[in-house]
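Thanks for asking me to look this one over. My notes follow as numbered points, to be read with the structure open beside you.

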Amino acid sequence: MKFLLLTFVGVVHLLSLSSGKTICKNDISQRSFQEIKEEIASYGDVAKAIINLAVYGKAQNRSYERLALLVDTVGPRPSGSKSLEKAIQIMHQNLQEDGLENVHLEPVKIPHWERGEESAVMLEPRIHKMAILGLGSSIGTPPEGITAEVLVVTSFEELQRRAPEARGKIVVYNQPYVNYSKTVQYRVQGSVEAAKVGAVASLIRSVASFSIYSPHTGIQEYQDGVPKIPTACITVEDAEMMSRMASRGNRIVIQLKMGAKNYPDADSFNTVAEIVGSKYPEQVVLVSGHLDSWDVGQGAMDDGGGAFISWEALSLIKDLGLRPKRTLRLVLWTAEEQGGIGAFQYYQLHKANISNYSLVMESDLGTFLPSGLQFTGSEKARTIVEEVMSLLQPVNITQVFRAGEGTDINFWIQAGVPGASLLDDLYKYFSFHHSRGDTMTIMDPKQMNVAAAVWAVVSYVIADMEEMLPRS
């Protein structure tokens with residue numbers, strides 16, 4: 001999922017293109033902004049047609065029903081699994097049957113990790129079986145497990161202060177939840193920091209906005225030169241309980257067993273489909289979501305919803321007989337959860353054409369009722385996007401926020417391409433994120449209709465405007 005945000009450092013000077021004019025930073029433009037504003041306003045009827053088809057017409061609930069069929073049939077789709085590859089083949093066929101153009105698979109190599117059987121039992125000060133989920137890429141324990149005393153800390157700083165106490169122990173992190181982008185560092189780096197001070201394993205409080213005794217998994221990263229130790233997430237409730245116990249001076253002992261294994265990289269594919277542009281077919285507006293998920297729940301929210309409203313955007317535009325001037329390209333990424341592995345390989349393959357990418361879009365923060373659009377790009381591009389979003393007044397979703405990054409599109413954004421993400425109810429999203437609760441039960445067809453309408457209007461209008469979005 002999104003939110004391992006990278007700093008926006010790419011500044012690209014955009015040269016004149018042979019087709020499809022750009023707005024220059026120094027205000028030398030073929031048209032005034034007033035003319036551009038009038039051009040965008042002329043799409044009012046098209047925007048209403050897209051909204052009516054998606055929200056009230058024959059396409060309503062379609063993205064929800066398509067998603068339900070896939071996730072009920074295939075289930076979760078972890079990187080390197082047969083279920084992910086089955087989902088990719090099904091989607092390849094679905095996109096062909098939908099009448100989209102240039103439907104194809106682009107081969108990539110992706111990580112393959114399996115959690116195996118796992119358990120954690122508190123032996124002291126009382127017997128308590130804990131709910132855990134091993135973290136992606138973690139090693140396993142010996143077959144007999146690891147039995148050790150616990151050191152509870154609330155931050156990396158506390159771990160450093162208490163480093164002499166950590167050797168030979170299981171470090172439990174009970175870090176407070178601030179927001180995902182700040183708190184996720186404990187999941188990603190927790191095992192490395194614990195290993196540096198001699199711990200034998202680490203257990204991390206789930207990075208979640210709300211918990212009903214639900215562990216939340218995710219990727220973690222080892223570091224060269226630092227011993228690899230097993231690591232898993234535990235529930236908010238157990239982390240807080242052990243913190244209270246430790247504060248009373250109780251000795252806490254846990255037996256941890258994990259059958260996790262890393263396998264050689266597997267073959268996989270990014271899935272691509274298009275509506276080819278009528279005037280500037282070499283230029284691209286990219287819409288995307290990722291098809292892989294973690295191995296718990298159904299991956300309906302993260303990121304089935306984002307993948308399927310991206311498909312739905314192209315379906316809506318095709319159903320209305322629209323063909324934008326630029327190519328609308330749908331990409332369903334593989335192995336996003338391992339750090340955008342499929343997307344990075346796509347970038348390496350296509351970056352030679354970077355000057356032809358007007359906008360890259362990724363939906364990976366849920367498809368509940370959108371709050372608006374997050375955008376990263378030049379101020380002139382932002383002003384244009386704000387005008388485009390005004391076309392969504394009929395569904396009262398017009399706001400443009402900062403930080404349009406997403407794991408799969410960051411490569412392009414850092415190189416200067418404008419980027420956009422759908423902003424959603426983050427409290428709800430991170431309540432279910434990477435947990436067994438990520439199922440179709442939390443999805444709402446009416447909210448998905450609106451999300452698809454927003455996605456389709458934005459992508460179509462920017463793809464059809466006479467000029468590409470200006471860059472810094």
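1. The second largest cavity is lined by Ser-293, Trp-294, Val-296, Gly-299, Asp-302, Glu-337, His-434, Ser-435 and Asp-438. Its volume is about 50 Å³, and the lining divides into 2 nonpolar, 4 polar and 3 charged residues. The structure holds 4 cavities of 30 Å³ or more. On a 1 Å grid over the protein atoms alone, a cavity is a set of points where a 1.4 Å probe fits but cannot get out, whereas a pocket is an open set with protein on both sides within 12 Å along at least five of seven lines; lining residues have an atom within 4 Å of a point. Grid points are joined across faces, edges and corners, and the volume is the space filled by probe spheres set on them. For the classes, Ala, Val, Leu, Ile, Met, Phe, Trp, Tyr, Cys and Pro count as nonpolar, Asp, Glu, Lys and Arg as charged, and the others, Gly among them, as polar.

2. Please keep in mind that this is a predicted model: local features need pLDDT of at least 70, side-chain atom pairs count only at pLDDT 80 or more, and totals for chains, interfaces and linings use all residues. Residues are numbered from 1 along each chain as its sequence is written, and side-chain values use heavy atoms, with hydrogens and water left out.

3. Asp-303 is found in helix 9 (residues 300-319); helices (H or I, at least four residues) and strands (E, at least two) are DSSP runs, numbered from the N terminus. A cis bond also joins Glu-124 and Pro-125, with omega of about 5°. Pro-125 is in the loop between strand 2 (118-124) and strand 3 (128-130).

4. Which residues lie nearest the centre of the largest pocket? They are Pro-111, Ile-219, Gln-220, Gln-338 and Gly-339, out of 31 lining residues. About 620 Å³ of space lies in this pocket, and its lining divides into 13 nonpolar, 12 polar and 6 charged residues. Strand 1 (101-114), strand 10 (261-275) and helix 12 (410-414) each supply at least two lining residues, with the largest share, 4 residues, coming from strand 1.

5. Two strands pair if DSSP finds at least two bridges between them. Strand 11 (residues 280-290) and strand 13 (residues 357-362) run parallel and are joined by 5 bridges; Val-285 stands opposite Leu-359 in strand 13.

6. Leu-359 turns up again in the largest nonpolar core, which has 88 residues; Leu-95, Leu-359, Met-389 and Val-458 have the most contacts inside it. Helix 14 (residues 445-464) gives the most to this core, with 14 residues. Apart from it lies another core of 22 residues, among them Val-152, Ala-232, Met-241 and Met-242. Such a core is a set of buried Ala, Val, Leu, Ile, Met, Phe, Trp, Tyr and Cys residues joined through side-chain atoms within 4.5 Å, where buried means under 20% relative accessible area, exposed over 50% and partly exposed in between (1.4 Å probe, protein chains only).

7. Ile-252 is worth a look, in the loop between helix 8 (236-247) and strand 9 (253-258). With a relative accessibility of 1%, Ile-252 counts as buried. Beyond its neighbours within four places in sequence, its contacts (heavy atoms within 4.5 Å) include Pro-125, Val-152 and Met-242.

8. Two backbone angles deserve a check. Ser-137, in the loop between strand 4 (132-134) and strand 5 (146-153), has a positive phi near 80° though not a glycine. Tyr-213, likewise not a glycine, has a positive phi of about 55° and lies in the loop between strand 7 and strand 8. Is Tyr-213 buried or partly exposed? At 31% relative accessibility, Tyr-213 counts as partly exposed. Ser-214, in the loop between strand 7 (201-205) and strand 8 (231-234), is buried at 14%. Leaving out residues up to four places away in sequence, Ser-214 touches Ser-206, Thr-235 and Glu-237.
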